[in-house]
Amino acid sequence: MSEKKIKYTVSIYTENSVGLLNRISAIFQKRHINIESFNSSITEIEDVHRWTILVHTSETLIKKIVGQINKQIEVIKSYYHTDEETIYQESCLFKIKSSLLFDDRKIQNIIKESNAIIVTVNPEFFVIEKSGRTYELDELYEKLSKYGILQYVRSARIAVTKAPLFISDILKKFKKK
Amino acid sequence: MPKISGSEAVIKCLINEGVEIIYGYPGGAIMPVYDELFKYQDKIHHVLTRHEQGATHAAQGFARISGKVGVAIATSGPGATNLVTGLADAQIDSTPMICITGQVSSKLLGSDAFQETDIIGISTPITKWNYQITKASEIPEIFAKAFYIAKSGRPGPVLIDITKDAQFELFDFSYNKINGIRSYNPTPEIDKNKIKEAAKLINKAKKPLIVWGQGVILGNAEKELIDLVEKTGIPAAWTILGASAIPTEHPLNVGMLGMHGNYAPNVKTNECDILIAIGMRFDDRVTGDVTRYAKQAQIIHFEIDPAEVNKNIEVDIAVLGNAKDTLGEIIKYVETNSHKNWLKEFSDLYKVEFNKVIDAEINPTKKGLTMGEVIKHINKHTKGDAAIVTDVGQHQMVACRYANFRNSKSNITSGGLGTMGFALPAALGAKMAAPHREVVAVIGDGGYQMTIQELGTIFQTKAAVKIVVLNNDFLGMVRQWQQLFFEKRYASTEMVNPDFVKIAEGYYIKAKRVNKRDDLAPAIEEMIKSKEPYFLEVVVEKEANVFPMIPTGSSVSDIRLS
């Protein structure tokens with residue numbers, strides 16, 4: 001029986017070094033797992049970066065993969081979490097022909113109801129931005145796609161965990177040694 | 001202090017880390033470092049191998065017999081790509097090694113310059129760590145880090161790529177060894193509760209079995225393991241890379257695990273009540289079908305690398321840490337015991353194996369020479385004190401099965417990667433690291449020809465390596481599988497071989513060929529007595545098979561004796 005596959009958010013605290021991304025992506029590649037989204041950012045700790053990787057796989061595999069990631073020299077610590085264990089957001093941009101706003105007033109209502117933000121409007125096109133959970137972005141996309149979207153782009157997931165992660169403690173412990 | 005060049009700094013780093021021998025091959029992008037090697041030749045002996053792959057395997061052989069970091073050096077492009085097999089081998093067999101490669105000038109990076117290759121990208125998945133140096137000032141810190149990473153925790157290979165302009169650049173040099181990196185925790189802290197829990201389980205075991213691997217050797221835990229085995233009276237079996245950690249003739253050493261291992265430890269893996277794994281990683285060649293591996297047993301895993309725990313086999317208790325520390329600790333909590341009846345079951349199965357397989361292999365009466373009898377005579381004339389360096393295939397399995405090891409770090413072979421061509425250069429490296437030890441390379445006719453050019457290096461260095469080629473004019477292990485599983489369709493496994501004796505003689509190496517039983521013992525005696533390198537070809541039976549055998553996909557207890 002094959003194990004159930006779900007979405008896992010992998011959070012990796014790293015040093016900021018050239019080549020580490022190659023090393024981490026190779027671990028996923030080795031097991032033939034596709035990375036759905038990837039984000040790298042600074043964190044609450046100076047000089048420490050946080051990567052957020054979204055993958056669709058089984059718990060058995062993600063556990064082993066996170067073990068392999070933790071082994072890499074420049075990884076401070078990595079974790080995996082389910083959607084329920086994190087607060088996460090993705091964001092997206094829609095570029096839509098401006099004439100549609102006036103041709104069909106329904107678009108204005110969709111934008112209002114979705115709490116999307118109008119980033120810019122000019123005579124040719126307007127751009128709206130929406131942040132939220134995956135399904136909220138999907139919903140808005142579905143509604144707007146009927147009218148025609150010139151361009152659509154979506155960011156990687158970013159997530160914080162409900163439980164504390166104690167990265168500063170790990171770094172403090174090293175200093176003590 | 002005056003400024004020095006990056007390339008001189010490289011040499012000074014090596015000297016600071018106690019490196020005396022390095023293996024390599026020069027070329028354009030590494031020439032500044034070679035120029036410094038010339039100036040520092042009284043401090044560092046550079047051995048010119050005949051191919052960069054040979055340099056990596058020599059460095060591995062050096063590391064495996066000495067426990068020190070082996071160093072190989074090459075130029076950019078093809079020089080660097082030729083290191084790939086050795087790096088992968090060192091990665092999977094946890095061998096501490098540092099490879100230094102030259103790289104095109106930093107201004108040319110990414111421009112497809114002459115002999116440019118992205119060796120950092122290529123080597124990433126097969127190194128413990130790698131780094132590209134583009135400024136001379138980075139050299140001291142990166143080398144210090146590299147040595148620390150290569151040898152600490154679970155050891156492994158590190159590659160340092162240095163652009164040519166960084167080699168020429170002048171800077172103020174100072175060297176500080178490193179003993180910690182904040183994002184790297186090489187040796188997990190010992191959890192005393194786990195030790196006590198494991199001891200409790202061991203104390204109540206009726207049919208315990210220890211299976212140990214190279215972690216015992218890498219952790220210098222041989223004495224601790226022997227103490228544990230002797231106090232508890234638990235039979236202990238080894239993986240191929242764990243061989244020699246406990247002497248072969250120790251009464252509680254019950255033999256080799258895995259595909260061509262001994263009968264008793266494989267069968268008993270599926271009968272024991274407690275399986276105690278120490279510094280081993282449950283490789284598929286050891287476990288056979290994992291869904292039928294030791295299902296009846298509770299499993300304790302002593303391991304330094306947390307990523308290995310529950311990777312292939314789910315265990316009940318994981319004791320993290322260096323084997324020397326964890327075994328040294330658990331010995332306090334285990335009770336003195338002897339498992340006489342349980343041990344007798346092992347000796348009973350050994351008798352079965354001896355009668356069906358071993359006797360005919362080491363004391364043959366048939367006409368053709370067997371690989372086993374060659375090993376028997378090597379044992380006799382080296383008194384079990386030799387380091388045996390093997391390649392990959394039938395001869396490797398036979399050598400590991402029948403070699404008599406009396407000292408640790410005596411079985412040097414390519415285990416995880418199965419690299420044909422490993423043995424000849426690895427034997428050279430081993431001999432140079434331990435000139436006082438007898439080093440016997442046992443190689444098949446196939447693998448021998450993959451790195452045969454290193455005869456030139458052996459000739460040039462005069463390292464007194466003893467080379468035994470077991471020649472069956474076949475890629476024997478593949479042929480065995482073709483016979484057993486592909487209805488004897490011998491697709492591309494028969495070899496038409498050259499005159500190996502003439503080739504060795506061409507390199508001015510003393511050489512002999514033996515194809516009769518009566519000539520075998522005297523030839524081996526002559527070889528072992530020789531103070532110089534010596535080549536011995538033994539023509540063995542063409543279509544002999546290695547048994548016992550666990551066919552792929554079978555359970556360890558389905559091990560076949562014929």
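Chain A has six helices and nine strands. Helices here are DSSP runs of H or I with at least four residues, strands are E runs of at least two, and both are numbered from the N terminus. A word on the basis: this is a predicted model, where local features need pLDDT of at least 70, side-chain atom pairs count only at pLDDT 80 or more, and totals for chains, interfaces and linings use all residues. Residues are numbered from 1 along each chain as its sequence is written, and chains are lettered from A and ligands numbered from 1 in the order in which they are written.

Overall dimensions next. The C-alpha trace of chain A spans about 65 × 45 × 30 Å along its principal axes. Its radius of gyration is 20 Å, whereas a compact globule of 177 residues would come out near 16 Å. That radius is taken over C-alpha atoms, and the globule rule is 2.2 Å times the number of residues to the power 0.38.

Chain A is assigned two domains: domain 1 (5–86) and domain 2 (89–154). The bounds come from an automatic or database domain assignment. The C-alpha centres of these two domains of chain A are 31 Å apart.

How much of chain A is buried? Buried residues are 25% of its 177 residues. The cut-offs: buried means 20 or more other C-beta atoms within 10 Å of the residue's own, exposed means 12 or fewer, partly exposed is in between, and C-beta atoms are placed from the backbone.

Now contacts. Two residues are in contact if their C-beta atoms, placed from the backbone, lie within 7 Å. In chain A, take the contacts with a separation of 6 or more: 75% of them join residues 24 or more positions apart.

One residue to look at is His56(A), in strand E3 (residues 49–58) of chain A. Buried or partly exposed? His56(A) is partly exposed, because 13 other C-beta atoms lie within 10 Å. Leaving out residues up to four places away in sequence, His56(A) touches Lys5(A), Lys7(A) and Glu36(A). Ile33(A) is 23 residues from His56(A) in sequence, and 7.8 Å away in space, C-alpha to C-alpha.

On to chain B. Its assignment gives domain 1 (4–171), domain 2 (192–345) and domain 3 (364–539). In chain B, the centres of domain 1 and domain 2 are separated by 36 Å, over C-alpha atoms. Five residues of domain 1 of chain B contact five residues of domain 2 of chain B. The domain 1 side of chain B has one nonpolar, two polar and two charged residues. Classes: Ala, Val, Leu, Ile, Met, Phe, Trp, Tyr, Cys and Pro are nonpolar; Asp, Glu, Lys and Arg are charged; the others, Gly among them, are polar.

Between the chains, 15 residues of chain B are in contact with 18 residues of chain A. The chain B side has eight nonpolar, four polar and three charged residues.

Last, some backbone geometry. Most residues other than glycine have a negative phi, and most peptide bonds are trans. Ser244(B) has a positive phi, near 85°. Ser244(B) sits in the loop between strand E10 (236–238) and strand E11 (253–256) of chain B. Ser244(B) is buried, because 25 other C-beta atoms lie within 10 Å. Phe282(B) has a positive phi near 50°, and Phe282(B) counts as buried, with 24 C-beta neighbours inside 10 Å. The peptide bond from Phe547(B) to Pro548(B) is cis, with omega near -5°. Pro548(B) lies in the segment after strand E20 (534–539) of chain B.
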